Amino acid sequence: MSLSRFFDNRNVLGLLFMLPAGALLIVFLTYPLGLGTWLGFTDTKIGRDGVWVGLDNYEFLFGDSVARLSLFNTLFYTVVASVIKFVLGLWLALLLNKNLPFKAFLRAIVLLPFIVPTALSAIAFWWLYDAQFSVLSWALVKMGLITTYVDFLGEPWLARLSTIAANVWRGVPFVAITLLAGLQTIPASLYEAASLDGATEWQRFWHVTLPMLTPIIAVVMTFSVLFTFTDFQLIYVLTRGGPLNATHLMATLSFQRAIPGGALGEGAALATAMVPFLLAAILFSYFGLQRRAWQQGASDK
Amino acid sequence: MSTNRRDFLKISAGVAAGTAAAGVGGEAVAQAKGGAPALKLNPEKGAKLRVLRWKRFVQGDEDQYMKNVAAFTKATGVEVRVDNESWEDVRPKAAVAANVGSGPDIILGTFDDPNLYPDKLLDVTDVANYLGAKYGGWYDVCKQYLFQKNRWIALPLGCAGNCLVYRESHVKAAGFSGVPKDMDGFLALCKALKAKGTPPGFALGNATGDGNSWTHWLVWSFGGKMVDAKNNVVINSPETIKALEYAAELYKTFAPGTLSWLDPNNNKAFLDGQISLTANGISVYYAAKTSSDPKIKALADDIQHANMPIGPVGRATELNLFFNQMIFKYTKYPQAAKAFLQFMMEKEQYEVWQQQAIGYVTQPLKAYESNPIWTVDPKHTPYRDAMKVMQAHGYAGTMGYSSAQTMADFVMVNMVAEAASGSKSPKEAAERAEKRAQRYYKV
């Protein structure tokens, strides 16, 4: 009797229904994350338990030129790729939002790079960038524009830009399609009102489209930055971090140190070192881009 | 109970009686008639084994390995399950097995895996002594890897030999009858090949196999080494600088793009005729010989092999992909596991296995040098000596976490790549490698 009343209680029921989801989150999210963070403070090796060493791993990584280079690479990779993805994605979304022939078909096609498994598209790029077999180089040579094959992945800066290009190719559709969905939620009446006021196309974009779109932009760019910052597969397939560690990202270096190198603690520390940057990205988008006052026509304070 | 169980072990009746008295799980080592010791292992009743091995590089290897496994099961009644994993994935799995104390009974690993957790491994000294005495002894490098504190922590399996692979016609066209055995001659050959438009190419990207093997050879051949016998980092030495200066000269002759090369690149470039000289396993030749493309098949006739040249140190200094066989202490069937390794390493099984893999695996036991596989095709011969000419990657120090980490982090490869490409001077590159290695060798 009292038991059935107990289960009729809304609070109890609520808790009960949340339990499975909560358990899943704790087992598959909180526990691994916590374990990873803890490992970062130990000198655990693969095959051997470690002891607490405090900040030793972080001090070691701070003094390690390769780790510092990987931090620079990661920031460069993320910033450049994200900016390009945003600009191209927004542009593509605006184009797709117009009345084009075969609209549905085009929209579906745009998603293709996002659908192909990363490891597969990375292998395709690996061939495109190959020092001996690159079809890009081949075409340029045949057109008479260059005489020797481009060393896409062999020259440090070129390798950085080449990997960024591959990342952009894969990431643009996600940005474009999400922003397109956002564009379609903007009421047509706003544009009509703007037109009546004599706004130019640019003014309509700047004063109507962009403010209305910022919540979506904030979300999509947060995701995009997070994905880019933690990229692994593309680099692993294309360069393994080479040449001369010029494309080693924190994620790939963390793997190299932890698994083939056996230094689980150090690898975990390197992975944990990514968290503050990811948090910063989230906070930036949350506080920086969710400017409600501005969206509602007032100026920022 | 045991005299009729297996026919490949010739032991005297007296020993058999002694073994029988010891019961299941016992063992006996004794002198047989020929003077070589015999080893009789009695697999536990109802024993089952799980083996994890690196995935074959050539199909013939796996086919014959499984045939040998089936023969073992037939002879002993011990069931054996074999799982395959890409060789780079075996390392973490083996380490986890060692750590949690359960998993495959036997793991075929690479390089210094056993040195990371020697206490978790079953002592296989009896099997190693038996095989060594019977088959002409183990090559020195086997001891460098697997013999510590007066015991064998794992059994050597062999190595994937790495040799110079070249196009005979191109080398002749460049004015050489073969690959010179000295460093100056080798550089002259590479320059001549480059001048003829048929350049050499060696991987300088983060290529775990190909990158590590030739850069270690180069630095060692001039007398440079990562650490001394006491594990002090001594890479920043005049010898290393000389090696790096040589690397810079050599790099100028390479096909473009070698800084980005990973393990498969040199194979592809060689088979496509874009490079005429590289370092590789016998797999390029195997691929050409078995190709369905007549153009590539014709290439096989022109492919030749040679051992790496010998540098100022005056002896061979090669690094090859070393394979070991570990039995974990947690196994419920230690006798069966040892019997399995013993069986697989006996001449009747091992030599056929080598033959079916057309020499992909070089033996750790000297007697197998006479395996006809090495002479049936003269092009196989250089691979015969892969274990004889190699030294352990942690040379001249001991194997363990430091040597594993230093190689996994490509310290040697990066140093040579930096100096070769000119992105750093030889001195800067050696200093940087020294700093990086010191971090791993600090205790």
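Analyst: What follows goes from the sheet to its strands, and then out to the whole chain.

Keep in mind that this is a predicted model. The sheet belongs to chain B and is open. Three strands build it, in the order β10-β9-β11, and the pairing is antiparallel. As a general point, strands of a sheet pair through backbone hydrogen bonds, and the pairing can be parallel or antiparallel.

Look at the edges next. They are β10 (277–280) and β11 (303–306) of chain B. Each of these edge strands pairs on one side only. In the order of strands, β9 stands between β10 and β11. How are neighbouring strands turned against each other? On average the angle is 30°, with direction ignored.

Now zoom in on one pair. Strand β9 of chain B covers residues 163–167. Four bridges link β9 to β10(B), in the antiparallel sense. Here is a bridge to find on screen: L164(B) has A279(B) in β10(B) as its partner.

Chain B holds 20 helices and 13 strands. A compact globule of 443 residues would have a radius of gyration near 22 Å, and the 23 Å of chain B agrees with that. Along the principal axes, the C-alpha atoms fill a box of roughly 70 × 55 × 35 Å. Of the 443 residues in chain B, 56% are buried. Contacts tell a further part of the story. Among those in chain B with a separation of 6 or more, 73% join residues 24 or more positions apart.

Technical notes:
Residues are numbered from 1 along each chain as its sequence is written. Chains are lettered from A and ligands numbered from 1 in the order in which they are written. This is a predicted model: local features need pLDDT of at least 70, side-chain atom pairs count only at pLDDT 80 or more; totals for chains, interfaces and linings use all residues. Two strands pair if DSSP finds at least two bridges between them. Helices (H or I, at least four residues) and strands (E, at least two) are DSSP runs, numbered from the N terminus. Axes are lines fitted to C-alpha atoms, for helices over the stretch in contact, and angles run from 0 to 180 degrees between N-to-C directions. The radius of gyration is taken over C-alpha atoms; the globule rule is 2.2 Å times the number of residues to the power 0.38. A residue is buried if 20 or more other C-beta atoms lie within 10 Å of its own, exposed if 12 or fewer, and partly exposed in between; C-beta atoms are placed from the backbone. Two residues are in contact if their C-beta atoms, placed from the backbone, lie within 7 Å.
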